Amino acid sequence: MLKKMKCMAAMSFCLLATSFAQAGVIVDVVEQNEFVGWWGSHSYTHDITDQGFSLGSAVSGTLEVELSDDGGWFDGWESVLFVVEAFDFDSGGFTFGSSFSGDLEVSALGAINADGMLDIKVQSLLGDFYVGNSTLTVNTVPEPGALALFSLGLLGLGLSRRRAK
């Protein structure tokens, strides 16, 4: 009876310890206010390695980039191209004063999982504008260490049961 209680206590502890290893959300904001002229471009990088990101743990994400008009004579006709890693988000005509927002595709998630960085290029196809703050939100899975702890706990329970028989 005492062994059975110890076994249940050990299993409860393992489950409790791994319950803290839930999926996380990492938000990275690049603050900027860069002018992009006619047919010009602006490049920058989101770096989430300094926020506790474990390589290979990103499962999804979104990118939001603020754009505003410069107030020039060609207002309303600007066209913007977003290049995220090697993938183009061609927005065509864009409503200034709002934000561009898009889900990350496989190539962008692959780049984040490889080195924790995401390269962005905002290019003017027609017109000029300002690029404001850029917000990258990445959803991650629990770290492998928590899963290893849970596996070791189950292994220990199995071995203790085997010895009891």
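**Reading a predicted model: a tutorial**

Tutor: The protein chain averages a pLDDT of 78, and 67% of the residues score at least 70, where pLDDT is the predictor's confidence in each residue, from 0 to 100. This is a predicted model, in which local features need pLDDT of at least 70 and side-chain atom pairs count only at pLDDT 80 or more, while totals for chains, interfaces and linings use all residues. Residues are numbered from 1 along each chain as its sequence is written, and side-chain values use heavy atoms, with hydrogens and water left out.

Student: Which elements have the lowest and the highest mean pLDDT?

Tutor: Helices (H or I, at least four residues) and strands (E, at least two) are DSSP runs, numbered from the N terminus. Among the elements of the protein chain, the lowest mean pLDDT, 54, belongs to strand 6 (residues 87–93), and the highest, 95, to strand 3.

Student: How many bridges join strand 3 to strand 8?

Tutor: Two strands pair if DSSP finds at least two bridges between them. Strand 3 (residues 41–47) and strand 8 run antiparallel and are joined by 7 bridges, with Ile120 of strand 8 as the bridge partner of Tyr44. Strand 8 also pairs with strand 5 in the antiparallel sense, over 6 bridges, and here Ser124 of strand 8 is the bridge partner of Val80.

Student: Which residues of helix 2 are buried, and what do they pack against?

Tutor: Buried means under 20% relative accessible area, exposed means over 50%, and partly exposed lies in between (1.4 Å probe, protein chains only). In helix 2 (residues 106–115), the buried residues are Ala108, Leu109, Ala111, Ile112 and Asn113. These buried residues pack against strand 4 (58–69), strand 5 (79–84), strand 8 (117–126) and strand 9 (129–140), and just after helix 2, Gly116 takes a positive phi of about 75°.

Student: What is Val27 in contact with, leaving aside its neighbours within four places in sequence?

Tutor: Contact means heavy atoms within 4.5 Å. With those neighbours within four places left aside, Val27 is in contact with Gln51, Thr135, Leu136 and Thr137. Val27 has its place in strand 1 (residues 24–30) and is partly exposed, with a relative accessible area of 43%.

Student: How is a pair of aromatic rings described?

Tutor: Such a pair is described by the distance of the centres and the angle of the planes. Rings of Phe, Tyr and Trp (its six-membered ring) pair if their centres lie within 6.5 Å, and planes under 30 degrees apart count as stacked, over 60 as edge-to-face and the rest as tilted. The structure holds 2 aromatic pairs. Trp38 and Trp39 form a tilted aromatic pair, 5.1 Å centre to centre with 55° between the planes. Trp38 is partly exposed at a relative accessible area of 31%, whereas Trp39, at 59% relative accessibility, counts as exposed.
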